[in-house]
Amino acid sequence: MKRYKPLFSGIRDNFLFNEAVIKVDAYDKILYSLFDKCKPHIQNKNLPVDQIITILNKEFSFLKIVFQAEKINNSDDAHLGFNGGGTEDDEYNTIYVFLNSNCESNFNQYNNKYIATTIKIIHHELIHRNQAIRMKSREIISKEFNYDPDNYREYLQQKIEIMPFAFMMVEESRAHGWNDDKILQNLKTFSNPSALFNGYLKYFDEDSKTVKLLVKYMYMYLQK
Ligand SMILES: [Zn+2]
C-alpha cells in the first residue's frame, strides 16, 4: 500500500488525518473519546435530535465531521436513526452523518453498540475522504463520486464504494463473533455472516468483478 501523504499539513495535526484504512485503531480511539465527552450531556436527558446534534457537533467539528438532522427517510438503517452519510467535495472533504428522530431513544440510552454503529458509518465516510485525498484533482473526485445513489445496484458496484463496504463487512463479521481466521477461511466459499456481504451476493455473481474486488479488499483489511 502506498504511504499516505497528508494534504492538509498546517491545518491541523496530521495524525488526525491518518484515516481509517491507515490507522484505524488510532482513529477509533479519538472517535470513542469524543463520544465519551458527549455522553454526560446526552445520556438519559431525553433530548430531541436537534439538541443531540448540537452537542455532537461541538466535539466533532474540528475533525470536519458534521451531524445533521433530517426527516426520516427510507434508508436501511433509518429505523435506528441513520439516514446515511456523505463526504463533501470541499477543501476538507467534510463528512456528514445524517440523523433522524429515531436516533433520540438510542442516544438517550447511549449504549456501546449504538455508538459503535455510529462510528462504523463515520468509518465508511472516512474511507471516501481518504480516497478523495488520494485523487489528483477535483474533476476526478467529482467524476468518481458522481453516480446515482438511488440505483442500488449501480451504487454497490462503484469502485469507490466497494472499499468502504468491504471494511464494514469485516467489522460486521467481527461483531457477529467471528475471528479473523474464520472470516478469512470462509471467504473462499463466500460464506459470511455480514448482511451487507450477502446483500452483494444478491446483486452480483460470485465470479463477478465486483465480488472479486470486494473479497480482495476484505483480505486486505484482515491481513493488515
Ligand atoms: Zn459510500
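Modeller: Two residues are in contact if their C-beta atoms, placed from the backbone, lie within 7 Å. Keep in mind that this is a predicted model.

Biologist: Fine. What does Ala166 touch, leaving out residues up to four places away in sequence?

Modeller: Leu214, Tyr217, Met218 and Tyr221.

Biologist: And which residues have the most contacts inside the largest nonpolar core?

Modeller: Ala166 is one of them, along with Ile122, Leu214 and Met218. That core has 35 residues. Helix 7, residues 159-175, gives the most to it, with 7 residues.

Biologist: Which domains does the core draw on?

Modeller: Domain 1 (13-146) and domain 2 (149-224), with at least three residues from each.

Biologist: Stay on helix 7. At what angle does it pack with helix 9?

Modeller: About 130°, and the axes are 8 Å apart. Helix 9 covers residues 195-203. Angles from 65 to 115 degrees would be roughly perpendicular and those over 145 roughly antiparallel, so helix 7 is oblique to helix 9. On the helix 7 side, Phe165, Met168, Met169 and Glu172 make the contact. Helix 9 brings Ala195, Leu196 and Phe197.

Biologist: How many bridges join strand 2 to strand 3?

Modeller: 5, and the two strands run antiparallel. Strand 3 is residues 95-99. Phe82 has Leu99 as its bridge partner there.

Biologist: Now the backbone. What is the phi of Asn46?

Modeller: Positive, about 50°, although Asn46 is not a glycine. Asn46 is in the loop between helix 1 (24-42) and helix 2. Lys64 also has a positive phi, about 60°, and is not a glycine. Lys64 sits in the loop between helix 2 and strand 1.

Biologist: Asn46 first: buried or exposed?

Modeller: Exposed, because Asn46 has 10 C-beta neighbours inside 10 Å, and 12 or fewer is the cut-off.

Biologist: And Lys64, buried or exposed?

Modeller: Buried, because Lys64 has 21 C-beta neighbours inside 10 Å, and 20 or more is enough.

Methods:
Residues are numbered from 1 along each chain as its sequence is written. This is a predicted model: local features need pLDDT of at least 70, side-chain atom pairs count only at pLDDT 80 or more; totals for chains, interfaces and linings use all residues. A nonpolar core is a set of buried Ala, Val, Leu, Ile, Met, Phe, Trp, Tyr and Cys residues joined through C-beta atoms within 7 Å. Helices (H or I, at least four residues) and strands (E, at least two) are DSSP runs, numbered from the N terminus. Domain bounds come from an automatic or database domain assignment. Two strands pair if DSSP finds at least two bridges between them. Axes are lines fitted to C-alpha atoms, for helices over the stretch in contact, and angles run from 0 to 180 degrees between N-to-C directions. Angles under 35 degrees count as roughly parallel, over 145 as roughly antiparallel, 65 to 115 as roughly perpendicular and the rest as oblique.
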